[in-house]
Amino acid sequence: MFNNALSKSTLIMFLFDLTIIVLSTVYWYSSFGLSNEHMDITVFLTALTGVVVLFLKDNYKIREFNSTLKNSYLLFEGIVFSQIPATILLLMFESEVKSFEFVLINLLTIYVALFLYRRCFHYYLFNIKKIKNVLIIGSNSNAKLIADEIIGKKALRMNVVGFVEDSEDENIINDSNITVFPKVYELDEIINDKKVDIVIVAIKRRMEEDFLTKMVNCIPKSVKVYKMPEFYEMVTGKYFVDRMSINWLFYDYMNNRSKLYDFCKRAYDIIAALIILTVTFPILLYIGIRVKLTDGGKAIYTQNRVGKDGKVFKAYKLRTMYQNDYVPKAGNIGHTEPQDEDNRVIPFCKFVRKARFDEIPQMINILKGEMSIVGPRTEWENLVNIYSDEIPYYKCRQWVKTGWTGWAQINQGHCVLNDDIAEKLQYDLYYLKHRNILWEIGILVKAVFLALGGRHG
């Protein structure tokens with residue numbers, strides 16, 4: 001949740017939110033004279049729901065933080081959701097009038113406090129907080145890419161002071177407004193003159209012994225040093241893909257294999273799939289009947305999908321379009337499935353597609369062990385063949401089971417453009433490297449949250 005090593009602001013904001021929610025709930029609960037018997041559980045439910053919902057709404061993703069009307073609304077929406085469990089509890093055991101009054105004043109108090117804190121934090125972030133100076137070793141395409149990411153994310157509060165030219169590598173920084181310094185042998189002077197806080201090494205080739213020794217001697221202990229791919233992951237949540245990084249990913253993946261993880265993952269898949277199927281069965285039945293009555297076709301159909309190790313299986317889906325024989329064609333790489341504006345979509349099924357109810361029958365594939373709850377998105381066999389030819393290292397995502405949802409889906413949605421597919425691969429490979437059960441539970445919760453709001457791509 002707080003794996004952004006570049007800033008402690010996320011943890012501070014989380015602790016402040018938690019403290020305000022607890023103090024406000026305790027104070028107003030006592031002020032309204034509600035029963036002490038239910039006080040602890042009310043505080044617990046409000047605090048837990050509050051911080052979880054705020055996390056799901058990206059309130060703790062500081063690298064994307066901005067003080068906008070949309071973020072203010074999402075904060076209010078999150079605080080409203082945080083009151084729901086406690087409201088249900090109190091209406092069962094306490095006076096309805098007092099319960100509603102308590103919930104309303106508590107909601108407003110928490111929102112105002114958190115809103116003002118975020119305003120103050122935004123002012124501090126963009127007007128007071130010290131800007132960290134970043135020096136990039138290298139002047140190639142990798143150096144330019146990471147510089148662009150830093151410049152584009154204002155909330156990072158970082159300033160690229162320059163590139164250090166590497167004469168033996170490609171040099172493409174020739175039209176930038178950022179200074180390009182001569183080779184590394186003047187590194188100590190550059191760091192002192194520019195008051196450098198962070199050094200990012202973005203050299204593609206293997207570095208010589210003298211080169212490395214000079215950096216060791218010139219870079220003070222107070223200056224943090226990062227490999228370009230490592231820093232790229234930290235600021236984007238994506239895996240940096242090139243020939244060397246894929247080799248590193250192979251070693252990370254192989255060394256992190258665990259029988260315990262596999263067992264927990266399978267148990268999690270089964271439990272989550274059964275819960276989702278049970279909860280949504282009445283909705284699926286209603287949708288299925290309406291689809292059947294629309295044109296007489298089957299409500300559930302199958303598609304050939306590619307899973308782990310490239311194995312093809314039949315994935316179940318709830319039909320949301322009039323019967324058709326669409327097949328993706330080569331040369332149209334970015335086109336996956338027709339979007340909601342397509343006139344083949346059954347009108348009442350537009351929200352069904354947005355909320356991804358049409359993919360819930362894939363819980364059957366999960367119970368059969370063909371898919372997982374969380375993983376790289378399962379794609380059509382035709383599309384996988386196209387992507388594998390066009391996008392380098394695309395098949396690496398087949399090292400694990402494909403998923404009903406995943407890190408790419410909650411960050412990017414269901415993309416349809418060529419460039420988006422390559423970016424989706426970066427999210428998928430980031431998942432491969434960092435996967436763990438607690439994170440995957442968080443991904444599922446956020447995916448459900450987004451789907452219910454019609455925002456899951």
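Me: Let's start with Arg-397: buried or exposed?
Reply: Good place to begin! Keep in mind that this is a predicted model. Arg-397 counts as buried, at 3% relative accessibility.

Me: Which residue does Arg-397 form a salt bridge with?
Reply: Its partner is Asp-428, and the closest N and O atoms are 3.1 Å apart. Asp-428 sits in helix 16 (residues 418–434), while Arg-397 is in the loop between helix 14 (381–390) and strand 10 (403–405), so this pair ties together parts 31 residues apart in sequence.

Me: And Asp-428, is that one buried or exposed?
Reply: Asp-428 is buried, because its relative accessibility is 2% and the cut-off for buried is under 20%.

Me: How many salt bridges does the structure hold?
Reply: There are 14 salt bridges. One of them joins Glu-440 and Lys-265, with 2.5 Å between the closest N and O atoms. That pair links distant parts of the chain: Glu-440 belongs to helix 17 (residues 437–452) and Lys-265 to helix 11 (residues 259–295), 175 residues apart.

Me: Are Glu-440 and Lys-265 buried or exposed?
Reply: Glu-440 is buried at 0% relative accessibility, and Lys-265 is buried too, with a relative accessible area of 11%.

Me: What about Lys-130, which residue does it meet in a salt bridge?
Reply: Lys-130 meets Asp-197, with 3.0 Å from N to O.

Me: New topic! Which residues gather in a patch of negative charge on the surface?
Reply: That patch brings together Glu-186, Asp-188, Glu-189 and Asp-193. Asp-193 has its place in helix 7 (residues 187–194), and at 60% relative accessibility Asp-193 counts as exposed.

Me: Last one: where does Asn-140 lie?
Reply: Look in the loop between strand 1 (132–137) and helix 6 (141–152). Asn-140 is buried, with a relative accessible area of 1%.

Me: What does the side chain of Asn-140 reach?
Reply: The Asn-140 side chain reaches the backbone oxygen of Ala-202, at 2.9 Å.

Technical notes:
Residues are numbered from 1 along each chain as its sequence is written. This is a predicted model: local features need pLDDT of at least 70, side-chain atom pairs count only at pLDDT 80 or more; totals for chains, interfaces and linings use all residues. Side-chain values use heavy atoms; hydrogens and water are left out. Patches are made of residues with over 30% relative accessible area and no salt bridge: like charges are joined within 9 Å, nonpolar side chains (Val, Leu, Ile, Met, Phe, Trp, Tyr) within 5 Å. Accessible areas come from the Shrake-Rupley method with a 1.4 Å probe; for residues, only the protein chains shown count as cover. A salt bridge is a side-chain nitrogen of Lys or Arg within 4 Å of a carboxyl oxygen of Asp or Glu. Lys and Arg count as positive and Asp and Glu as negative; His and the chain ends are not counted. The place of a charge is taken as NZ of Lys, CZ of Arg, CG of Asp or CD of Glu. Helices (H or I, at least four residues) and strands (E, at least two) are DSSP runs, numbered from the N terminus. Buried means under 20% relative accessible area, exposed over 50%, partly exposed in between (1.4 Å probe, protein chains only). A polar contact is a pair of N or O atoms within 3.5 Å; within protein, one must be able to donate a hydrogen and the other to accept it, and residues adjacent in sequence count only if both atoms are side-chain atoms.
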